[in-house]
Structure formats: C-alpha cells, structure tokens
Amino acid sequence: MAKNGFNIRRLVKIVLIVFGILVLVVLCTGWYLNRHWNKLLKTELQGYVTEISDSLYTVKFKTLHLDVLSGSVTLEKASMVADSAVYQRLLARKKAPSEIYTISVDKLELKYFKPWRYFIGKDLSAGLLTVTGPNIIMEQNATVTDTSRPKTAYQHISAKMKSIFIGKLTLDSTDFKYIFTRKDSSRVIHQFHNLRVRINNFLIDAVALNDPTRFLYARNYEIGMKDYMHRTRDSLYWLYVRGIRYDAALRTLHIGQFEIQPRYGKVAFQQKTGVQQDRYEMVLNDISVHELNPRLLLQEQQIWAQRVNIQSGKVQVYRNRSLPMPPGNKLGRYPHQLLHKLKVPVNIDTLTGSNVNIEYTEQSPVTGQSGYINFSHVHGTFRNITNIDSIVARNRRLVADFDAVFMQSGKLTARFDFMLNDTAGHFAVTGQLKNMNGKDLNAVTKPLGKIEIRSCDIQDLTFNIRGDERRAGGYVKLLYQHLKIAVLKQDPEHKELKRRGLISFLANSLVIKDANPSKDEKVRTANVTYTRDIQKSFFNLVWKTLFTGVKDIAGAGNL
C-alpha cells in the first residue's frame with residue numbers, strides 16, 4: 001500500500017513538473033514571440049503603408065503592443081498622413097489619386113487576432129477592431145487627372161498578404177470632414193461630429209469584390225450620428241433630428257424623429273413676431289429615405305432618393321388673427337412654387353406619410369376665441385417631388401393623394417395636382433367628404449363665425465377646384481339632411497356666445513335650406529369663383545372657394 005501511495009505521489013509530482021515546464025515554455029515562447037513579432041509588426045505596418053501608397057503615406061504611432069497569448073494588438077496615438085512633396089511629384093506625373101486622407105486615432109484595438117496565421121500564412125484575421133476617437137479628413141479633387149491603372153484593394157495587398165478579414169469593425173466618436181473640389185475649382189465642405197460607424201464581416205481577398213452579398217468588401221456599413229439640434233435663422237424654433245443612421249448596403253437613411261419646436265409659447269411667440277405668423281409644432285417619427293444617393297448629396301448638395309416613408313407624426317399650426325397682417329404678400333409661395341425656388345436640387349420619386357394628425361387653430365379678432373379644424377389618421381402619397389429642370393420637362397405634375405378622418409367623423413379623400421415650374425402657380429384639387437356629423441364643425445364655426453350647427457347629416461361633399469396664384473373656381477356638390485343652425489352673439493361682459501333666438505328662427509325658416517335635395521327638387525350644385533387675398537395662403541384660397549360653394553348650396557350665402 002505504501003508503495004502504491006508513493007507511486008501516486010510520484011506520478012502527481014511528475015505531472016505537475018511537466019505541466020509547469022509546459023507553462024514555462026508557453027510563457028517563454030509567448031514572451032519571445034511578443035518581443036520578436038512586436039518589432040516585426042511595427043516594421044511591417046509602416047512598410048506596408050509606404051509601399052502600397054507608392055510612398056505617399058506614412059504611418060506613425062506612439063506605442064504598439066502585441067499579446068500573442070490573448071490574440072490582441074493595441075496601437076495608441078496613431079496617424080496616417082500624406083507627404084505633400086510626394087503628392088506634388090505624383091501630380092506632375094499625372095499619377096496622383098483624386099482622394100487624399102489624413103487620419104488620426106487615439107486608440108486602435110485588434111482582438112481575437114490570429115498571429116500564427118498572419119506571420120506564417122500571411123492571412124490577417126481578427127474578430128473585432130475597435131477604433132477610439134478617430135479624426136478623418138477626406139479631400140477629393142475632381143480637377144486631378146490620374147492616368148495610372150486603377151487597382152482593387154486586393155491588388156494593393158496581394159504582394160504582402162493573401163487576405164484581410166475583420167468580423168466587426170467599430171469606430172466611436174468619429175469626427176469626419178469631407179472636402180470636395182469641383183471641376184470649376186469651387187469647394188464644398190461637410191463636417192460631421194460624433195459619428196458611430198459599424199462595419200460587419202469585412203473581407204479583402206481574391207473574390208470578395210465580386211461577391212454580390214457584399215458592399216465594398218463588407219456585408220454592411222452602418223453609420224450613426226449624434227442627435228442634431230439647430231436654432232433657425234429667425235431664432236423662433238429649435239430643429240431636432242434624432243436617431244440618425246445610414247445603412248450603406250441598402251442605401252437607406254433612417255431618422256428616428258424629426259421635430260420642429262417653437263422656442264416660445266403662443267403669447268410670447270406673437271409678441272416676438274408682432275404680426276400675424278403661423279406658429280408650427282411638428283413631430284415626424286420613423287422616417288426612412290430609400291435609395292439615397294450620398295455622392296450627389298455630399299458633392300453637389302442634391303437630394304436624390306427613390307422614396308421616403310414617414311410612419312407617424314403630428315403637425316399643429318396656430319395663428320392669431322387679431323394681430324396686424326405682415327407687410328408684403330404671398331404671391332409665388334404656393335407649395336410647388338417654393339419647391340421651384342429651393343436652392344437645393346431635389347428629386348424624390350415618392351413620399352408617403354401614414355397616421356399623421358394635422359390641426360390648424362386660429363384666434364378670432366372678433367370673439368377673441370380660438371377655433372380649429374383637424375385631420376386625423378392622415379395617409380398621404382406625393383409623387384414626382386422635383387425642381388430639376390430636365391426631370392420637370394418630362395413630367396410637370398406633382399401629385400399628392402390624401403385620405404383622412406376630418407373633424408372626428410368625416411371620411412375625406414383628396415387629390416392635389418400641381419404644375420411644376422409654372423410661374424402662375426396653376427393647380428387643381430379634387431376630393432370627396434362622406435358621412436359626417438355636421439355638429440363636429442362647431443369647433444370652428446362657433447368661435448370664428450358665431451354660427452352653431454344644431455344638426456346636420458352630411459352625406460356627400462364632392463368638389464373639383466382649379467386655380468392659380470390669383471383666383472380659383474370650380475364645381476361643388478353637397479348632399480345633406482336636417483340642417484339647423486343657431487346665430488350667436490357675444491356677451492360683451494363675459495365674452496360668452498349666446499343664441500339669438502329670433503334671428504336663428506328666421507334664418508332656419510326663411511334662409512337656410514334644410515336638405516339637398518329638398519323634397520321634389522333636383523340636387524343643387526354650385527359653380528363658384530373666388531379671388532384670392534394675396535396676403536393669405538394657398539390653403540386659405542382652397543378653403544374659401546369650397547366654403548363659398550357650400551354656403552350657396554345651403555342658402556347661407558349672405559350669412
């Protein structure tokens with residue numbers, strides 16, 4: 001038994017000695033390889049960049065540390081800078097690239113790195129590359145002529161390496177400056193701060209460029225941006241853009257939320273303006289811009305996209321009619337006229353918005369009270385949003401289709417047809433409102449018109465209006481039953497609106513027609529014309545033209 005015990009202890013001792021020797025060998029080997037490969041990696045890294053760029057770029061760094069055992073490489077205070085003298089020589093030979101980069105990073109960490117594959121097999125493979133605090137300046141010059149034969153990324157590295165693979169590359173807190181020199185030598189400068197960049201499954205080898213599942217050697221690029229806040233030039237509003245992300249593979253820009261927020265409450269806002277001016281509050285959620293062309297956006301300041309989708313939102317507009325009108329007029333300020341005057345070229349094939357709520361509130365100078373109209377669950381589709389002459393020449397129509405719930409009960413559909421690049425602002429509006437409780441209109445008729453609708457079943461309102469920036473006219477048909485109104489007056493002391501009994505009785509008995517069609521009569525319609533108040537908006541003209549026809553049909557033209 002003693003002998004067996006002795007043997008067991010001896011065996012354990014031998015195993016521990018062997019294990020210790022192996023650990024020591026691994027540690028010594030790791031120590032040796034760390035020292036040897038660190039020196040080699042420093043030399044090769046700088047040499048690679050110099051050789052690949054034809055001596056144009058040099059790389060510098062404060063420290064480089066390779067840990068063979070953990071499979072990590074760390075660089076601190078690294079930079080890549082172009083040699084201006086070399087670049088001038090390349091320009092003279094017409095061999096200079098049109099893009100020049102200046103890059104600096106606070107820290108670069110390569111993890112899950114396989115040093116054996118790199119130093120022996122010349123395959124650079126790592127699971128994660130994290131870059132902290134990168135500052136990138138890209139200068140692109142369209143006046144530069146490069147007669148050298150263009151090379152792919154693989155052709156650049158193939159003399160030194162077989163492939164480069166990085167599972168995930170992240171750049172946090174990235175500052176990016178883009179300078180573009182056009183052929184006429186004018187310059188465009190864009191600057192972005194605190195970008196977040198994610199690159200997935202990045203691979204450079206002999207076949208990656210032609211892989212249809214990859215975009216610029218990667219499965220995908222995702223670029224996020226810090227929430228953006230801007231004060232408008234007139235200092236009346238804050239603009240917020242939140243949740244900004246660009247998906248390069250899909251060429252899609254995602255915006256979590258776009259908000260226009262007044263800097264002042266309603267009273268203070270009107271005090272700031274001193275005149276009548278619409279006060280806007282707007283929130284649009286989950287915006288996707290598909291097939292966005294980033295080159296045209298950055299180089300030419302042109303917005304080209306296939307479609308834009310807005311998932312939900314709300315728009316609130318307030319106006320105080322008791323203030324004086326602003327000087328001047330609103331000629332030339334119809335939606336399509338403003339699009340034509342926009343300095344930024346725009347071409348969006350289709351824009352859709354869903355579940356948007358729109359409300360317009362107006363304070364009456366007579367009653368001092370506010371009335372409103374609202375459109376809920378608005379779905380709209382705009383087609384051919386452009387101010388580019390060559391596209392307008394092929395199709396001059398900007399068409400917008402809407403459907404919504406009007407004032408809680410009415411089912412509204414409408415189409416706006418704008419003639420692009422038309423100096424007179426020609427337009428057409430057609431639409432239909434069905435199955436509405438007329439009493440819902442009291443929210444606007446009582447405070448603004450001192451008329452209360454006691455009852456009215458609106459069965460169908462159909463309209464077809466055409467006009468320009470001076471006038472509008474068209475056809476209106478209104479089918480309704482059981483119309484009764486009350487004419488109101490305002491108590492001078494308490495400001496309350498009260499019913500004028502005799503006037504209301506006479507209006508209902510002698511003036512108002514309680515149905516259309518009336519018994520044994522044909523359906524009444526109206527052909528109307530209305531001259532625009534040029535100090536008021538496009539939508540005011542449409543509303544006034546439509547309302548003129550409605551009043552004529554109801555017999556209330558003089559009320």
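**Figure 1. Lining of the second largest pocket in the predicted model.** In this predicted model, the second largest pocket is lined by Arg397, Arg415, Asp417, Met419, His426, Phe427, Ala428, Thr430, Asn464, Arg466 and Gly467. The space within this pocket comes to about 180 Å³. Three strands, β18 (410–419), β19 (427–437) and β20 (451–467), each contribute at least two residues to the lining of the pocket. When the lining residues are sorted by class, 3 are nonpolar, 4 are polar and 4 are charged.

**Figure 2. The partners of strand β21.** Strand β21 (residues 471–490) pairs with β20 in the antiparallel sense over 14 bridges, and the two strands form a hairpin with 3 residues between them. An antiparallel pairing also joins β21 to strand β23 (residues 525–531), here through 7 bridges, and within that pairing Arg471 has Thr531 of β23 as its bridge partner.

**Figure 3. The largest cavity and its lining.** A search of the whole structure for cavities of 30 Å³ or more finds 1, and the volume of the largest cavity is about 40 Å³. The residues that line the largest cavity are His336, His340, Thr386, Asn387, Asp389, Val392, Leu420 and Asn421. Helices α7 (335–341) and α8 (389–394) each supply at least two residues of this lining. Sorted by class, the lining of the largest cavity comprises 2 nonpolar, 5 polar and 1 charged residues.

Figure 4. Side chains of opposite charge can pair when their charged atoms come close. The structure holds 18 salt bridges, and one of them is formed by Glu362 and Arg321, whose closest N and O atoms are 3.2 Å apart. This pair links distant parts of the chain, with Glu362 in strand β15 (residues 346–363) and Arg321 in the loop between β14 (303–320) and α7, 41 residues apart. Gln363 is likewise placed in strand β15, and the side chain of Gln363 is joined to that of Tyr318 by a polar contact of 2.7 Å. Setting aside its neighbours within four places in sequence, Gln363 is in contact with Tyr318, Arg319, Asn320, Arg321, Ser322, Gly368, Gln369, Ser370 and Leu448.

Figure 5. The side chain of Arg182 makes a polar contact of 2.9 Å with the side chain of Gln301. When neighbours within four places in sequence are left aside, the residues in contact with Arg182 are Ala142, Thr143, Val188, Gln299, Glu300 and Gln301.

**Figure 6. Antiparallel pairing of strand β9.** Strand β9 (residues 220–225) pairs with β8 in the antiparallel sense over 6 bridges, and in this pairing Arg196 stands opposite Gly224 of β9. Strand β9 also pairs with strand β11 (residues 237–247), again in the antiparallel sense, over 4 bridges. In this second pairing, the bridge partner of Glu222 is Asp247 in β11.

Figure 7. Most residues other than glycine have a negative phi, and most peptide bonds are trans. Against that background, Ser173 has a positive phi, near 55°, and this residue lies in strand β7. The peptide bond that joins Asn516 and Pro517 is cis, with omega at about 5°, and Pro517 lies in the loop between α10 (501–511) and β23.

How values were computed:
Residues numbered from 1 in each chain as written. Predicted model: local features only at pLDDT ≥ 70, side-chain atom pairs only at ≥ 80, totals over all residues. Heavy atoms only, no water. 1 Å grid on protein atoms, 1.4 Å probe; cavity = no way out; pocket = protein on both sides within 12 Å on 5 of 7 lines; lining within 4 Å. Points joined across faces, edges and corners; volume = space filled by probe spheres on them. Nonpolar A, V, L, I, M, F, W, Y, C, P; charged D, E, K, R; others polar. Polar contact = N/O pair within 3.5 Å; in protein donor to acceptor, adjacent residues only side chain to side chain. Contact = heavy atoms within 4.5 Å. Pairing = 2+ DSSP bridges. Salt bridge = Lys/Arg side-chain N within 4 Å of Asp/Glu carboxyl O.
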